[in-house]
Amino acid sequence: MKNAVVSSLLVSGAAAFPWVAMQPGVDSSILRLKPRQQVGEGPGGPDTCPFNANHEGARPVTDEYPYNNAKDGIPGNGKGGYQVPAPGDTAHQFEAPDYSKDIRGPCPGLNAAANHHFLAHDGIVTFNELVDAQQNVYNVGYDLATLLALLGLTLTDGDIVTQKLSIGCDATSRTSFNPLLTGSEPGLDGHNKFEADTSLTRNDFFTGDGDNFRFNGTLFGMMNDACDGNFNRENLGHYRADRWRQSKMENPNFYFGPLSLLLFGAASFLYELMPSGTRGYAPDLETISSFFNAVQQDDGTWVAGEGEKIPDNWTNRVEPYSNSDVTREILAMYLVEPVLFGGNTGPDSFDTLNFGNIQDGKLPVGLDAADTSCLLYQLATQSVPSYLNGVITPTVEALSFVAKQIGPELDNLGCPRPLT
Ligand code: HEM
Ligand SMILES: *[C@@H]1O[C@H](CO)[C@@H](O)[C@H](O)[C@H]1NC(C)=O
Ligand SMILES: *[C@@H]1O[C@H](CO)[C@@H](O)[C@H](O)[C@H]1NC(C)=O
């Protein structure tokens, strides 16, 4: 019943491919490499994952404060430009997480939504909550909101039966309908799935000793230096390439696969979803630091504050941010300073990969329209190389879940149907 099947790896490859040691099922003690995928007491693992006995679901939108009126996973109005949280709406004011109880993870957008009760405040969220919150808070289009929620649930091993997902660490006992049948469900912290190397403000899994999800103030400072107060496509494109070079140099397990395309999408959220109408939709430092929970010290360095917060007087984008919008931004940002897809296989040795449109590690400049709009969809429905000799293959159950949730949208896109 697991959502994704990870193909087995040959341990003999481990010497040549150090990242192999990180994979489930490989005994890393033999290889004397640490750490493995979130297990036990490690960062992001089940033993250290916060537990809140008082799980309260997302607080729904009401007739008085309807936002986009997105409820129960169905399409909302798709009309933004309004203030969030609405003046007077006490249910959705910022409430700092209690980090000893509440789960937060690598995604500032979802962390902020949880801190404002648009998602469950303890970080154990449902598929419908994810689809609703993205529309109500950020005016993400229904098509993209659904696709991202599906990617979250199927790729990073949320649970397609309970439709629950941890937005951070491994909370299998709370997300899974039956842990014996599903095995562990690592949540959004799960590495080389949705979460991957070269994040804007999070460590690589390997160089961070397994902490691939906490805010890193040094990285935020590097991003701010690269962007100089303007977090637009061009500046973020160069910063992403800087991070790629850093990972290639410092991380022997560096892997940059097809799923890393999602990181360009996430980076586009800084200038497409976070800016406020009350600040002329500028992707400026005041806005970005609030969403990232970045607080500057007197000496100029950055540390985490009390939680990701929607800035005061914030109004969201007017037009919905759709699947085709984000795909266009992914390609455009990639082309600002193209880098190779592949992974480190040893000192000074990097192997490129082929997958779909990615050939010899490169994404071509001129993709046709159909390929482009189906790009993210393919990541949810095809076997995707998730490291150099491993592949994530969605199960039949996961594929039929995707097909059920996204049926009509998919026909419009003309994407190939998954075989269910
Ligand atoms: C269901 C919807 C979503 C899911 C499952 C999701 C999941 C994730 C994950 C797993 C990451 C980590 C990727 C990495 O390794 O860097 C991430 C990063 C990010 N997400 Fe989300 N996300 C969702 C929606 C959103 C929304 C609506 C926003 C809007 C502001 C957002 C903003 C970001 C940003 C800015 C990053 C980059 C953080 C960094 O690299 O430091 N996400 N998201
Ligand atoms: C934050 O990132 C920097 C730069 O990659 C790194 O040197 C440092 O160890 C990281 N800090 C933590 C606490 O992980
Ligand atoms: C928000 O708006 C109120 C009322 O217009 C104003 O008094 C306040 O200074 C604004 N706050 C910020 C941070 O812009």
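Buried means under 20% relative accessible area, exposed means over 50%, and partly exposed lies in between (1.4 Å probe, protein chains only). Helices (H or I, at least four residues) and strands (E, at least two) are DSSP runs, numbered from the N terminus.

This is a predicted model, in which local features need pLDDT of at least 70, side-chain atom pairs count only at pLDDT 80 or more, and totals for chains, interfaces and linings use all residues. Residues are numbered from 1 along each chain as its sequence is written, chains are lettered from A and ligands numbered from 1 in the order in which they are written, and side-chain values use heavy atoms, with hydrogens and water left out.

**Stop 1: helix α11**

Select residues 323–336. This is α11, with 14 residues. From first C-alpha to last, α11 reaches 20 Å, close to the 20 Å expected at 1.5 Å a residue. That expected span is 1.5 Å times one less than the number of residues. Now colour the buried residues of α11: Asn323, Asp325, Val326, Thr327, Glu329, Ile330, Leu331, Met333 and Tyr334.

**Stop 2: Asn316**

Step back to Asn316, in the loop between β6 (302–304) and α11. Is Asn316 buried or exposed? Asn316 is buried, because its relative accessible area is 0%. Next, show its contacts (heavy atoms within 4.5 Å). Not counting residues up to four places away in sequence, Asn316 touches Gly80, Gly81, Tyr82, Val84, Asn136, Val137, Tyr138, Asn139 and Tyr281. Its side chain reaches the backbone nitrogen of Gly81 at 2.6 Å. Asn316 and Gln83 are 233 residues apart in sequence, yet 6.6 Å apart in space, C-alpha to C-alpha.

**Stop 3: two backbone features**

Pick Val84 and Pro85. A cis peptide bond joins Val84 and Pro85, with omega about -10 degrees. Pro85 sits in the loop between α1 and α2. Jump to Tyr281, in the loop between α9 (261–272) and α10 (285–292). Tyr281 is not a glycine, but its phi is positive, near 55 degrees. Tyr281 counts as partly exposed because its relative accessibility is 33%. Why stop at such places? Most residues other than glycine have a negative phi, and most peptide bonds are trans. Gln163 also has a positive phi, about 60 degrees, without being a glycine. Find Gln163 in the loop between α4 (142–155) and β3 (164–166).

**Stop 4: the iron of ligand 1**

Select Cys107, in the loop between α1 (28–31) and α2 (108–115). Which protein atom is the donor of the iron atom of ligand 1? The only one is SG of Cys107, at 2.3 Å. Donors are N, O and S atoms within 2.8 Å of the metal (3.2 Å for Na, K and Ca); water is not among the atoms, so sites may look incomplete.

**Stop 5**

Go to Thr201, in the loop between α6 (179–182) and α7 (217–227). Thr201 counts as buried because its relative accessibility is 2%. Leaving aside neighbours within four places in sequence, Thr201 is in contact with residues including Asn216 and Leu219.

Asn203, Asn216, Thr218, Leu219 and Gln246 surround ligand 2, each with a heavy atom within 4 Å. A side-chain N or O atom of Asn216 is 2.4 Å from one oxygen atom. For Asn203 the distance is 2.9 Å. A polar side-chain atom of Gln246 lies 2.9 Å from an oxygen atom of ligand 2. Taken alone, ligand 2 exposes 360 Å², and the protein buries 44% of that. These areas come from the Shrake-Rupley method with a 1.4 Å probe; for residues, only the protein chains shown count as cover.

Definitions and conventions:
A polar contact is a pair of N or O atoms within 3.5 Å; within protein, one must be able to donate a hydrogen and the other to accept it, and residues adjacent in sequence count only if both atoms are side-chain atoms.
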